[in-house]
Amino acid sequence: MFAITNSAGLFGMNAFSVTVEAEVSKGRPNFIVSGLPDMGVRESCDRVRSAVNSIHIPFPNGKVLVNLAPADVKKSGSSFDLAIFVSLMQAMGVLPDRIPDSIFIGELGLHGVLHGIHGVLTITMQAREKGYKNIFVPIQNVKEASVTTGINVYGVENVEQLINHLTGDELLKPAPPYQPEAVHSILNYLDMEDVKGQPKAKNGIEIAAAGGHNILLIGSPGSGKSMLAQRVPTILPDMTKEEILETSNIYSVAGQLNEEKPLIQERPFRAPHHTISSAGLIGGGAIPSPGEISLAHNGVLFLDELPEFDRSTLEVLRQPLESRKIVISRAAGTAVYPCNIMLIAAMNPCPCGYYGSKVRQCTCSEKQVISYMGKISGPLLDRFDMHIDVDPVKYEDLASTEKAESSSSIRERIERARERQAERFKNTEIYSNAMIPDHLLGEYCHMNEAAKGLLRAVHAKYAVSARAFNRIQRVALSVADTLGHSEILRSDLAMAVQYRGFNSKYLLN
Ligand SMILES: Nc1ncnc2c1ncn2[C@@H]1O[C@H](COP(=O)(O)OP(=O)(O)OP(=O)(O)O)[C@@H](O)[C@H]1O
Ligand SMILES: [Mg+2]
Ligand SMILES: [Zn+2]
């Protein structure tokens, strides 16, 4: 007997079709999987054997050959278990030879129980595009799969259920569609209203959040840098459905979705520790998995204590920050992960933390201060659109019992600024001012004459790099958007220049 069934594997964010063929023939009892399987796939044999035992059917007393086609693509992991089991059942005559329009993915545990796998959202979406009508997935993954409409999603607990369904003895019900909607649970415990004073830093953060700009917060210990950064997601607009799916796709591939968290419905805030490796940050591995920068897609990547990160680790961020995607090439293929993020970094200005402080004397030598700043390369510094000085909180502010403006109130203004951007960028691939490509700056950044004059003067006065020059214009546009100006005024540009930190007391430039 010879049987064929359909499954899918994953490389990066691409699902590829795999046909599972099974044949049972006479001969010395043996169970072989061919078609470039890795160790994980080869171990399927034992799990499938146990699943067959669980339904009290004797395992074939002969040669069992399973082939995964195409044979030239490397197969890894345990997600083919279910399809291998189904094709064996077909070859044994338990199930019909052909199960049309259906695809099977899932890992088998002992006794025929299914375990959740990575990438179910991605595979389901692509299965629908390929025209499959039914997909069978582990029950643990049913919610992420059922976001996809136009395909029947069946959550399977164990192989017995599946056999009963496919033989028509007891039908499973397709899962109801799962509607992705933005949620905000972090709003329950973090709010901008907890941060007292700091009007300049908060204003800068608001502009950055409005335009999606990368920011560097710099100031002495305890001034509230970490506190401010953690609250940025609370002022960002709700995720759109599209963003929810994009980000969830990455988490699905990374195996970070589960029954409790079937989708990523609020903007991610990722704050990796400074001991993280380059691979951890941008992704890696033989079959490349997404790194922190991609897990922060459509949200915030926060690098606290920036100079503590390994310099070479930070350097790998430069390119993806510009292109907003990561390309990882391996012998087996190329994986592309999106990383459209807002980067927030925080740092002290020197090893003791008090360089430039009015409240405490810095105890570092000039050389120490310079070498501390030097830990971050010029090109990386250049990628922060805004440098925000966070000064120590004033006593009157700290002592005040009044609550500061709430996140939801700030968010309303940001949403209006984003609406202006949506209108400006409609029918383009741009979502925010920070994303305007250099060659389109002239088209989008309209300035009045006074602003143009100031820009010229700034360029003459400070040795402004071309990148910095462009970034100032983008930030100025975000200032104009937050204030509701229809073109960039001189004051908008002046504010953008100020947040560029040319006159900073810290040795940034
Ligand atoms: N503006 C503020 N309003 C209210 N509390 C504040 C403010 N700034 C700081 N704090 C308090 O000080 C604590 C330390 O702040 P935070 O950790 O954000 O400082 P930091 O600037 O990140 O310091 P470090 O440089 O040491 O990392 C906060 O947990 C908070 O309790
Ligand atoms: Mg801190
Ligand atoms: Zn110091």
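Author: Glad to have you here: helix axes are lines fitted to C-alpha atoms over the stretch in contact, and angles run from 0 to 180 degrees between N-to-C directions. This is a predicted model, in which local features need pLDDT of at least 70, side-chain atom pairs count only at pLDDT 80 or more, and totals for chains, interfaces and linings use all residues. Residues are numbered from 1 along each chain as its sequence is written, while chains are lettered from A and ligands numbered from 1 in the order in which they are written.

Reader: Thanks! At what angle do helix α20 and helix α21 pack?

Author: Helices here are DSSP runs (H or I, at least four residues), numbered from the N terminus. Helix α20 covers residues 466-483 and helix α21 covers residues 490-498. Their axes are 8 Å apart, and the angle is about 125°.

Reader: Are α20 and α21 parallel or oblique to each other?

Author: Angles under 35 degrees count as roughly parallel, over 145 as roughly antiparallel, 65 to 115 as roughly perpendicular and the rest as oblique. With an angle of about 125°, α20 and α21 are therefore oblique.

Reader: By class, which residues make up the contact of α20 with α21?

Author: Contact requires C-beta atoms, placed from the backbone, within 7 Å. Ile-472 and Val-475 are among the α20 residues that meet α21, whose side includes Asp-492 and Leu-493. Ala, Val, Leu, Ile, Met, Phe, Trp, Tyr, Cys and Pro count as nonpolar, Asp, Glu, Lys and Arg as charged, and the others, Gly among them, as polar. By class, the contact has 10 nonpolar, no polar and 1 charged residues.

Reader: Which helix gives the most to the shell around ligand 1?

Author: The shell around ligand 1 divides into 5 nonpolar, 8 polar and 2 charged residues. The helix that gives the most, with 3 residues, is α8.

Definitions and conventions: Helix = DSSP H or I, 4+ residues; strand = E, 2+ residues; numbered from the N terminus. Contact = placed C-beta atoms within 7 Å.
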